Amino acid sequence: MDDRHTFTRRRLLAGTAASLALVATGVRAAAAPKELRIGFQKGSLNLLLLKQRGLLEQRLPDTRVSWTEFPAGPQLLEGLAVGSIDFGATGDSPPVFAQAAGKDLLYVGAEPPKPDSSALLVRQDSGLNALADLKGRKIALQKGSSAHYLLVQIVRKAGLQWSDITPVYLAPADARAAFERGSVDGWVIWDPYYAAAEVGGGVRVLVTSRGLTGNHTFYLAARGFASRHPGTLTVLFDGLTEADAYAQAHRQETAQLYAQVTGLPVDTVLRVLARRNPSPVAPLTPELVAEQQRVADAFRELGLIPRRIEVAQAVWQPAGNPAAHRAG
């Protein structure tokens, strides 16, 4: 059995244990909120399927569910921190920056890694052919996003210093525009923006995140929401996992549905789905907390966050899941 299947099996087992513990105590039924506000991004495939197929409303019939789209993870977590949403999904870096800034948020769940779903893109006619060629170059990325940590790792792999490149901090749409007009030399980006750029043509992949970052999707909630509604989080995990199973079994239908929601062409969505592993959702394992601590430590070493943080202090601990204690 390969690492990916082992990882997925462990997450499914962890999710089942947590679900059974919560159902046994009757929390799920007793603490359903009157309102649930969810933040999502274009890349939040499981959340978008959950929304479009009405899976959450079926499970929480007495809860009013609202949805807000954000351009990237940092903006989504700012919305979570100020109380405009209760729950949302991001990559690995946004929670690190949020915790370092004193935002009172909790990691409550995660998906397995997607090592091929992010990349550093260069133009087809670019003279950049090796990672060492990045020295002195301008690279576009969303500050505090998963692309930020990927670029940190790329610079390390190239044998360069962070000061050897010039990061240009732009949201995805602005970054693509700057990349296409030649204002920057490269662009670090995730799906579906990555797939859209490939389908649009004129780009080369200099390197993907495979072997450099886990490229996990994390689910986060306000601490107060998680403490008041742990059963609702389990309902969310169940629904998200069902949405993912549907995506794996019905790729063409998923592509059509996702395209309708995002406005992306179907061929772009199919490319996203082709490099997406099965992604059930479960609470964090101790190993994943430790991996996320390495992300935080890398940012601190470079002075990109103001202080060292303990990721385990921001990890939700549902019944039967000692991840934060063990990792800490």
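This is a predicted model: local features need pLDDT of at least 70, side-chain atom pairs count only at pLDDT 80 or more; totals for chains, interfaces and linings use all residues.

Residues are numbered from 1 along each chain as its sequence is written, and side-chain values use heavy atoms, with hydrogens and water left out.

**Stop 1: the largest cavity**

Select Gly43, Ser44, Trp190, Asp191 and Thr217: of the 26 residues lining the largest cavity, these lie nearest its centre. A cavity here is a set of points, on a 1 Å grid over the protein atoms alone, where a 1.4 Å probe fits but cannot get out, and lining residues have an atom within 4 Å of a point. How much space lies in the largest cavity? About 400 Å³, where a volume is the space filled by probe spheres set on the points, and grid points are joined across faces, edges and corners. The count comes to three cavities of 30 Å³ or more.

Now colour by domain, with bounds that come from an automatic or database domain assignment. Domain 1 (35–114 + 215–314) and domain 2 (118–208) both give residues to the lining, so the largest cavity lies between them.

Next, pick α3 (45–52) and β3 (87–90), each of which supplies at least two lining residues. Helices (H or I, at least four residues) and strands (E, at least two) are DSSP runs, numbered from the N terminus. α3 gives the most to this lining, with three residues. By class, the lining has eight nonpolar, 14 polar and four charged residues.

Pro192 is found in the loop between β8 (186–190) and α9 (193–200).

**Stop 2: rings**

The structure holds eight aromatic pairs. Rings of Phe, Tyr and Trp (its six-membered ring) pair if their centres lie within 6.5 Å; planes under 30 degrees apart count as stacked, over 60 as edge-to-face and the rest as tilted.

Show Phe87 and Tyr219: their ring centres are 5.6 Å apart and their planes are at 15 degrees, so the pair is stacked. This pair links distant parts of the chain, with Phe87 in strand β3 and Tyr219 in strand β10 (residues 218–222), 132 residues apart. Both Phe87 and Tyr219 are buried (buried means under 20% relative accessible area, exposed over 50%, partly exposed in between, with a 1.4 Å probe and protein chains only).

Then try Phe179 and Trp187, whose ring centres are 5.9 Å apart with planes at 45 degrees, so this pair is tilted. Phe179 is buried, and Trp187 is too. To finish the rings, select Phe97, Tyr149 and Phe299, which ring pairs link into a cluster.

**Stop 3: helices**

Go to α7 (146–157). Its 12 residues reach 17 Å from first C-alpha to last, close to the 16 Å expected at 1.5 Å a residue; the expected span is 1.5 Å times one less than the number of residues. Is α7 mostly enclosed or open? Of its 12 residues, 10 are buried, so α7 is largely enclosed by the rest of the structure. Among them are His148, Tyr149 and Gln153.

Following α7 is Gly159, with a positive phi near 75 degrees. Gly159 sits in the loop between α7 and β7 (166–169) and is exposed, at 61% relative accessible area.

Over at α14 (residues 286–301), 16 residues should span 22 Å, and the end C-alpha atoms are 22 Å apart, which agrees. Its buried residues include Leu288, Val289 and Phe299. Just after α14, Gly303 takes a positive phi of about 75 degrees.

Now select α11 (residues 230–249): its 20 residues should span 28 Å, and the ends are 29 Å apart, which agrees. Of those 20 residues, 14 are buried.

**Last stop: Asn215**

Pick Asn215, in the loop between β9 (203–208) and β10. Its phi is near 55 degrees, a positive value in a residue other than glycine. Asn215 is buried, with a relative accessible area of 10%.

Key
On a 1 Å grid over the protein atoms alone, a cavity is a set of points where a 1.4 Å probe fits but cannot get out, and a pocket is an open set with protein on both sides within 12 Å along at least five of seven lines; lining residues have an atom within 4 Å of a point. Ala, Val, Leu, Ile, Met, Phe, Trp, Tyr, Cys and Pro count as nonpolar, Asp, Glu, Lys and Arg as charged, and the others, Gly among them, as polar.
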